[in-house]
Amino acid sequence: MAIASNHSTTAADAGCIAALAIDDGVAGHTLFRRLSAPGAAGRDLADAVHALCSVHGRLNDLFDEAARRSVAELDNRWIAAAAEGFQLERGYLAHLTAAVGPLPSTPGQAESDAAFAAMRHTFDMLARSDRAGCSTGAALALVIDWHAFRAILDAAARRAGSTIAATQLPDIAETKTIAEGHGASAAVRRAMAFGAQQTFAQHRGLCDLIEARAIARDRL
């Protein structure tokens with residue numbers, strides 16, 4: 001999935017990641033209503049867990065790169081806390097991937113695999129961007145969206161009879177405070193917003209794909 005073009009120019013120029021999260025974050029996506037319903041199909045929850053693992057379960061260096069390319073004007077202790085917290089999230093995700101069982105059979109699996117690979121590539125590009133603040137913005141958006149994705153993971157854990165692990169990620173309020181970019185230059189704030197916007201776009205695409213896969217299974 002290619003990097004998307006800016007479509008929230010005013011918000012991006014202002015560096016307002018919190019505003020972008022409201023408009024572009026995944027928390028309001030229809031997928032969450034589908035998977036949080038009392039009668040949500042176990043195969044849909046399992047598929048969502050496998051999809052999240054495919055995109056974010058592998059070791060990658062988004063937080064490491066954000067730390068390496070840190071913005072001096074920001075409180076970079078947040079990045080270290082987020083990196084540690086997300087390592088624990090990957091462990092939880094790996095546990096759930098095993099607990100929910102095999103990937104449900106779904107039409108168009110090869111196309112889905114290609115889409116997941118494209119998303120991973122985009123996150124690698126954002127992580128390694130030489131544009132100061134870009135990787136930090138992507139990391140901020142990942143944490144914001146992950147708090148929403150946790151609803152899916154925890155629902156899957158309940159269905160599988162697994163223990164729900166408490167998240168150690170920085171909370172939304174702290175993350176959004178860092179995202180305001182106080183003290184950073186306008187250029188850095190724009191780069192942070194760009195990284196965040198691209199992350200939100202990838203995650204919306206991921207939710208669209210997970211939902212489309214569920215609909216395709218319903219038609220079988």
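User: Taking contact to mean heavy atoms within 4.5 Å, which helices do the buried residues of H7 pack against?
Analyst: In this predicted model, the buried residues of H7 pack against helix H4 (42–56), helix H5 (62–68), helix H8 (134–160) and helix H10 (186–218).

User: Which residues of H7 are the buried ones?
Analyst: They are Ser112, Phe116, Met119, Thr122, Phe123, Leu126 and Ala127. Seen down the axis of H7, these buried residues fall within an arc of 140 degrees, so they line one face of the helix.

User: And what is exposed on the other side of H7?
Analyst: Ala110 and Glu111 are exposed there, where exposed stands for a relative accessible area over 50%.

User: How many residues does H7 have, and what does it reach from first C-alpha to last?
Analyst: H7 runs over residues 109–127, which gives it 19 residues, and it reaches 27 Å between its first and last C-alpha, close to the 27 Å expected at 1.5 Å a residue.

User: Switching to H6, which helices do its buried residues pack against?
Analyst: The buried residues of H6 pack against H4, H5, H8 and H9. Among those buried in H6 are Trp78, Ile79, Phe86, Tyr92 and Leu93, and the list also includes Glu89 and Arg90. The helix itself covers residues 77–99, and its 23 residues reach 33 Å from the first C-alpha to the last, close to the 33 Å expected at 1.5 Å a residue.

User: What follows H6?
Analyst: Gly101 follows H6, and its phi is positive, near 90 degrees. Pro102 is also worth a look, as its place is in the loop between H6 and H7.

User: Pro102, then: buried or exposed?
Analyst: Pro102 is exposed, with a relative accessible area of 68%, because a value over 50% counts as exposed.

User: New topic: at what angle do H8 and H9 pack?
Analyst: H8 and H9 (residues 172–179) pack at an angle of about 155 degrees, and their axes are 10 Å apart. That makes H8 roughly antiparallel to H9, since angles over 145 degrees count that way.

User: Is that crossing left-handed or right-handed, and which residues make the contact?
Analyst: The crossing of H8 and H9 is left-handed. On the H8 side the contact is made by Leu140, Val143, Ile144 and His147, while H9 contributes Ile172, Thr175, Lys176, Ile178 and Ala179.

Key
Residues numbered from 1 in each chain as written. Predicted model: local features only at pLDDT ≥ 70, side-chain atom pairs only at ≥ 80, totals over all residues. Heavy atoms only, no water. Helix = DSSP H or I, 4+ residues; strand = E, 2+ residues; numbered from the N terminus. Expected span 1.5 Å × (residues − 1). Buried < 20%, exposed > 50% of the residue type's maximum accessible area, 1.4 Å probe, protein only. Arc of directions from axis to C-beta. Contact = heavy atoms within 4.5 Å. Axes fitted to C-alpha atoms, helices over the stretch in contact; angles between N-to-C directions. Parallel < 35°, antiparallel > 145°, perpendicular 65-115°, else oblique. Left-handed = near helix turned anticlockwise from the far one by under 90°.
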